Amino acid sequence: MEKRYGIFELRAKVGTDISRVLYFFYYDGRIVLIQGFIKKTQRTPAGEIEKAKKYRRDYIERHGK
């Protein structure tokens, strides 16, 4: 996955589908899983990226740093 505002993608094949989990790294070695979805196309849908950016901002605001 190309760089997307510090958001990364974990992939796993489940049957014929490819499941994706978006995540980011946080302080003290934490990895925060943001959301998961089944990817139907080659590109990650823009809506999923926008949701992930929003969730990441929200998490950082609530946890300070």
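Arg-62 is exposed, with a relative accessible area of 54%. Here exposed means over 50% relative accessible area, buried under 20%, and partly exposed in between, using a 1.4 Å probe and protein chains only. The model is predicted: local features need pLDDT of at least 70, side-chain atom pairs count only at pLDDT 80 or more, and totals for chains, interfaces and linings use all residues. Residues are numbered from 1 along each chain as its sequence is written, and side-chain values use heavy atoms, leaving out hydrogens and water.

**Overall layout**

The protein has one helix and three strands. Along the sequence they run β-β-β-α. Helices (H or I, at least four residues) and strands (E, at least two) are DSSP runs, numbered from the N terminus. The C-alpha trace spans about 40 × 20 × 20 Å along its principal axes. Of the 65 residues, 31% count as buried.

**Salt bridges**

Arg-62 brings in the next topic. Its side chain meets that of Asp-58 in a salt bridge. Such a bridge needs a side-chain nitrogen of Lys or Arg within 4 Å of a carboxyl oxygen of Asp or Glu. The whole structure holds four salt bridges. The table lists some of them, including the Arg-62 pair.

| Pair | N to O distance |
|---|---|
| Lys-51 and Glu-48 | 3.6 Å |
| Lys-53 and Glu-50 | 3.1 Å |
| Asp-58 and Arg-62 | 2.9 Å |

Asp-58 and Arg-62 are four residues apart in helix H1, so about one helical turn separates them. Asp-58 is partly exposed, at 34% relative accessibility. Lys-51 and Glu-48 also lie in helix H1, three residues apart, about one turn of the helix. Glu-48 is buried at 17%, whereas Lys-51 is partly exposed at 36%. Lys-53 and Glu-50 are likewise three residues apart in H1, about one helical turn. There Lys-53 is buried at 15%, and Glu-50 is partly exposed at 46%.

**The core**

The largest nonpolar core has nine residues: Ile-7, Leu-22, Phe-24, Tyr-26, Val-32, Ile-34, Phe-37, Ala-52 and Tyr-59. A nonpolar core is a set of buried Ala, Val, Leu, Ile, Met, Phe, Trp, Tyr and Cys residues joined through side-chain atoms within 4.5 Å. S2, S3 and H1 each supply at least two of its residues. S3 gives the largest share, three residues. In soluble globular proteins, nonpolar side chains tend to be buried together.

**Aromatic contacts**

Rings of Phe, Tyr and Trp (its six-membered ring) pair if their centres lie within 6.5 Å; planes under 30 degrees apart are stacked, over 60 edge-to-face, and the rest tilted. In one of them, Phe-24 and Tyr-26 have ring centres 6.5 Å apart and planes at 85 degrees, so the pair is edge-to-face. Both residues are buried. Phe-24 also pairs edge-to-face with Tyr-59, at 5.7 Å centre to centre and 70 degrees between the planes. This pair links distant parts of the chain: Phe-24 is in strand S2 (residues 17-25) and Tyr-59 in helix H1 (residues 46-63), 35 residues apart.

The charged end of Arg-56 sits over the Phe-24 ring, 5.4 Å from its centre. The rule asks for NZ of Lys or CZ of Arg within 6 Å of the ring centre and within 35 degrees of the ring normal.

**On the surface**

Leu-33 lies in strand S3 (residues 31-39). At 60% relative accessibility, Leu-33 counts as exposed.
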